[in-house]
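Here are a few notes to read alongside the structure, written for someone opening it for the first time.

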Amino acid sequence: MAEHPSEIVARPAGRGWPRWLAALLFGLLLLLTLLIASWFLRACAPVDSSTNLTTFETPAPPAPPPPADPTLVLKASLDDTQADEKKLKAELTALEADLRNKVAQCKPVEPPKPPPPPPPPVAKAPPPLPADRWAQKDLGMLQGCWRLGHDTEGSIGVNGRAASCAVKAGRICFQGNGGGERQTTAVCPGTGTIRCTAPITARFGNDTTLGTTQPAVRCEPTGTSWNGPPNSLTCRRVNDALAICRDRLNFEHEFRRE
């Protein structure tokens, strides 16, 4: 019988290590999984009521102090406000006075006022006895009232007796045509005031003199009369304001415009 040679199978060296390493890694992974599952179970499992819990009670805090009275604070604040108000008013008054002083100092100097305009010229009244109108024998210039003579003494009949009286200056009032009235006033002792009037007519003569005629004089109160004949005047012009009139008794009288 023939002998066969023995079969020897050669195995590669190190072929068993991977299996052991895989088994080790699998075991570690299983252990880790168990640990995670145990942690979740402990977190979700109910706590036994018999577990002793120890609590510590702290003492209660002391009661807070009572709040302060706000009235005092408000009163102090009001006093401070009033004091500030008085101070501000005093400052305002001082500022206003200072402002007025500055305004007065800054007031522009007013230029001197121009002199007042001269009064309008007063139209001079025409002369009462103008020479041209006298020469033209214009009776219209006599219109108005005139003063004849001065105050004097005269004789007036009072109840049939002649009385010496204070005779005022005569008065003659003309119209535009030369007609008018002559008036005389006298104050007599025991009788009082006597007023005598007479109509009068004026006309120019050929010698440029002015003549007047009048009838008998009427006097009041009743019972008084002018002693003497009816009087007449002859007047000559002296200047624009004056004429001299001579009566029938040869007395001269100034004739002027009132």
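**Notes on the disulfides**

1. Start with Cys165 and Cys188, which are joined in a disulfide with 1.8 Å between their sulfur atoms. Keep in mind that this is a predicted model. The bond bridges distant parts of the chain: Cys165 sits in strand S3 (residues 161–167) and Cys188 in strand S5 (residues 179–188), 23 residues apart. Both Cys165 and Cys188 are buried.

2. What about the handedness of that link? The torsion about the S-S bond of Cys165 and Cys188 comes out at about 110°, so this disulfide is right-handed.

3. Next, have a look at Cys196 and Cys219, a disulfide with an S to S distance of 2.0 Å. Cys196 belongs to strand S6 (residues 192–204) and Cys219 to strand S8 (residues 218–220), so the bond ties together parts 23 residues apart in sequence. This link is right-handed too, with 110° about the S-S bond.

4. Is Cys196 buried or exposed? With a relative accessible area of 2%, Cys196 is buried. Cys219 has a relative accessible area of 12%, so Cys219 also counts as buried, the cut-off being under 20%.

5. Then there's the disulfide between Cys235 and Cys245, S to S 1.9 Å. Cys235 is in strand S10 (residues 232–237) and Cys245 in strand S11 (residues 243–247), 10 residues apart. Its torsion is about 110°, so the disulfide of Cys235 and Cys245 is right-handed. Both of these cysteines, Cys235 and Cys245, are buried.

6. How many disulfides turn up in the whole structure? The search finds 4. Counting bonded cysteines along the chain, the pattern is 1-3, 2-4, 5-6, 7-8.

How values were computed
Residues numbered from 1 in each chain as written. Predicted model: local features only at pLDDT ≥ 70, side-chain atom pairs only at ≥ 80, totals over all residues. Heavy atoms only, no water. Disulfide = S-S within 2.5 Å. Helix = DSSP H or I, 4+ residues; strand = E, 2+ residues; numbered from the N terminus. Buried < 20%, exposed > 50% of the residue type's maximum accessible area, 1.4 Å probe, protein only.
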